[in-house]
Amino acid sequence: MDTEHAYNLALDYLYSFVDYSLKKASELARADFNLARMFALMEALGNPQNRYPILHVAGTKGKGSVSALSASVLQAAGYRTGLYTSPHLQDYAERIQINAVPVSHPRLVELVEMVKPVVAKIPQLTTFEITTALAFLYFAQEEVDAAVVEVGLGGRLDATNVVTPRTAVITSLSYDHMAVLGNTLTQIAGEKAGIIKPGVPVISAPQQDEALAVILRVAEEKNAPLTLVGRDVLFAAGNHSLDGQTFQVWTTGATPLNLQIPLLGAYQVENAAVAFAALQSLRQQGIWLEDIDIQNGFARVKWPGRFELLRRQPPLVLDSAHNLDSAHKLRQALDDYLPDWPVILIFGSSEDKDVPGMLQAWAPRLEYLIATRADHPRALEPEKLLELAAQVGVPAEPLEPVDAALRRALELAGDRALVLSAGSVFVTAEVRTAWQKFICEGRI
């Protein structure tokens, strides 16, 4: 059988199970999230997740960046490093990586075939649960030295929460997925803090008081030593340009470490400080890391689709901001890095997002909005997005599919405006694919 055909059949198999990432908010609210079937699956596979040290990362925003930064440093230190993240941008295999290389399509097919008999014996497994098991199994088979595992949704009942990590990390918390996680920061923080295990060190990003109170309480209840960035680990921004940014990080009483990252946006300095704190925790537990490893790993990190500059002149920026907090951070990044450019926004969003709030945050910078939608069942209709754009005084037009929206945005921008994709990671992924196709076809 042709390799790509076999790969697509494997994906069809995975998607034949319940995939909550494709469900509407009303269905998510009724979802049966529990860890019993995931523990049963891992037991049947021999508990591969227990064969290597794990850094477990939850949070509303920044968890992917912290995961990527941490994995890059472990790799720079010479460790064979697994990285499990979600969702993917362009290829499902991106979710499961070793040393920054996604699992090959043939290997993913082999892994799927391997787990099928076990999966058949456990009712009601989901796409994400099976994919998580595939990642844990792959890392064990490839004998990784360590793995960084990003939580999918929430934490307490997330499929990844079958691990007992060396260190748990909670990045910045804000409002998202309220239908599942709750309508208050207290409720959301309670779900995220569900990854804290008895006696396991936990790292927290700076948090709003309401969220921090929950993390402090749960850490104390679990006798989990807590490191709070902004209190125990400090950081200071340095210079920034379109090539990256410099900053310093230090623990109380220690000499600051000079670092640089190619990731753009002031919020990425905070994410890097959180990753630094997590790596310090691993150091204290016998995972040997030198300062030069942290410097090299941070400098080499790649995390596409997050204020990613695909073209400088005129600028084309891809971002994955899809809640109000990340919308404000994106607006600040635009003002910091590209202050003089009017913005043509390619915008799509899922139905459960605060679209009016996001558009309000961006409105002063927007010249025009092209409303589109990704090939995703939770995507809002472009016509609905037009109504919301009108409410904040932004002229707009609907256009599908996404590649047509990109062509239109580039045409409107010419040499005088910035093209930005934001609002949905799925739209941004399709814009990235379309851009690469345009380049290959010589249309740019």
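These are my notebook entries on what I looked up in this predicted model.

**Entry 1: the six-stranded sheet**

I began with a sheet and traced its strands. It is an open sheet of six strands in the order S12-S13-S17-S14-S15-S16, and its pairing is mixed. Which strands sit at the edges? I found strand S12 (308-312) and strand S16 (396-398) there, each pairing on one side only.

Strand S14 (residues 343-347) runs parallel to strand S17 (residues 418-422), and five bridges join them. In this pair I noted Leu-345, which has Leu-420 of S17 opposite it. A reminder to myself: strands of a sheet pair through backbone hydrogen bonds, either parallel or antiparallel.

Then I checked what packs on the sheet. Helix H14 (residues 382-391) does, and it touches S14, strand S15 (366-371) and S16. The direction of H14 makes about 170 degrees with that of S16.

**Entry 2**

Two packed helices are described by the angle between their axes and the distance between the axes, so I looked up both values for two pairs.

Helix H12 (residues 324-337) packs against helix H13 (residues 355-362) at an angle of about 15 degrees, and their axes are 9 Å apart. An angle under 35 degrees counts as roughly parallel, so H12 is roughly parallel to H13. Their crossing is right-handed. I listed the residues that make the contact: Leu-324, Ala-327, His-328, Leu-330 and Arg-331 come from H12, while Gly-357, Met-358, Ala-361 and Trp-362 come from H13.

How do H13 and H14 cross, and at what angle? Their axes come within 9 Å and cross at roughly 50 degrees. That makes H13 oblique to H14. I noted a right-handed crossing for H13 and H14. Here Val-355, Pro-356 and Leu-359 of H13 meet Leu-385, Leu-388 and Ala-389 of H14.

I moved on to strand S5 (146-150). Is S5 enclosed or open to the outside? Five of its five residues are buried, so S5 is largely enclosed by the rest of the structure. I checked the two faces separately. Ala-146, Val-148 and Glu-150 lie on one side, Ala-147 and Val-149 lie on the other, and all of them are buried.

I then looked for the strands that pair with S5. Strand S1 (residues 54-58) pairs with S5 in the parallel sense over four bridges, and Val-57 has Glu-150 of S5 as its bridge partner. Strand S2 (residues 81-84) also pairs with S5 in the parallel sense, over four bridges. In that pair, Gly-82 stands opposite Ala-147.

In soluble globular proteins, nonpolar side chains tend to be buried together. I looked for such groups here. The largest nonpolar core has 44 residues, and Leu-41, Ile-96, Leu-134, Phe-136 and Phe-139 touch the most other members. At least two residues of this core come from each of helix H1 (3-15), helix H3 (36-44), strand S3 (96-98), helix H5 (105-119), helix H6 (127-141) and S5. Which element gives the largest share? It is H6, with ten residues.

I took a closer look at Leu-134. Leaving aside neighbours within four places in sequence, Leu-134 is in contact with Leu-14, Ile-96, Leu-108, Leu-111, Val-112 and Val-115. I also found a second, separate core of 38 residues, which includes Ile-261, Leu-263, Ala-275 and Ile-294.

**Entry 2: two loop residues**

I finished with loops. Where is Asp-243? I found it in the loop between strand S9 (233-241) and strand S10 (244-251). Asp-243 has a relative accessible area of 60% and is exposed. Leaving aside neighbours within four places in sequence, Asp-243 is in contact with Pro-262 and Arg-312. I also checked Ala-321, 78 residues away along the chain: its C-alpha atom and that of Asp-243 are separated by 21 Å.

Ser-16 lies in the loop between H1 and helix H2 (25-29). Is Ser-16 buried or exposed? Its relative accessibility is 54%, and Ser-16 counts as exposed. Ser-16 and Glu-113 are 97 residues apart along the chain, and their C-alpha atoms are separated by 14 Å.

Notes. Residues are numbered from 1 along each chain as its sequence is written. This is a predicted model: local features need pLDDT of at least 70, side-chain atom pairs count only at pLDDT 80 or more; totals for chains, interfaces and linings use all residues. Side-chain values use heavy atoms; hydrogens and water are left out. Two strands pair if DSSP finds at least two bridges between them. Contact means heavy atoms within 4.5 Å. Axes are lines fitted to C-alpha atoms, for helices over the stretch in contact, and angles run from 0 to 180 degrees between N-to-C directions. A nonpolar core is a set of buried Ala, Val, Leu, Ile, Met, Phe, Trp, Tyr and Cys residues joined through side-chain atoms within 4.5 Å. Buried means under 20% relative accessible area, exposed over 50%, partly exposed in between (1.4 Å probe, protein chains only). Angles under 35 degrees count as roughly parallel, over 145 as roughly antiparallel, 65 to 115 as roughly perpendicular and the rest as oblique. A crossing is left-handed if the near helix is turned anticlockwise from the far one by less than a right angle, and right-handed if clockwise.
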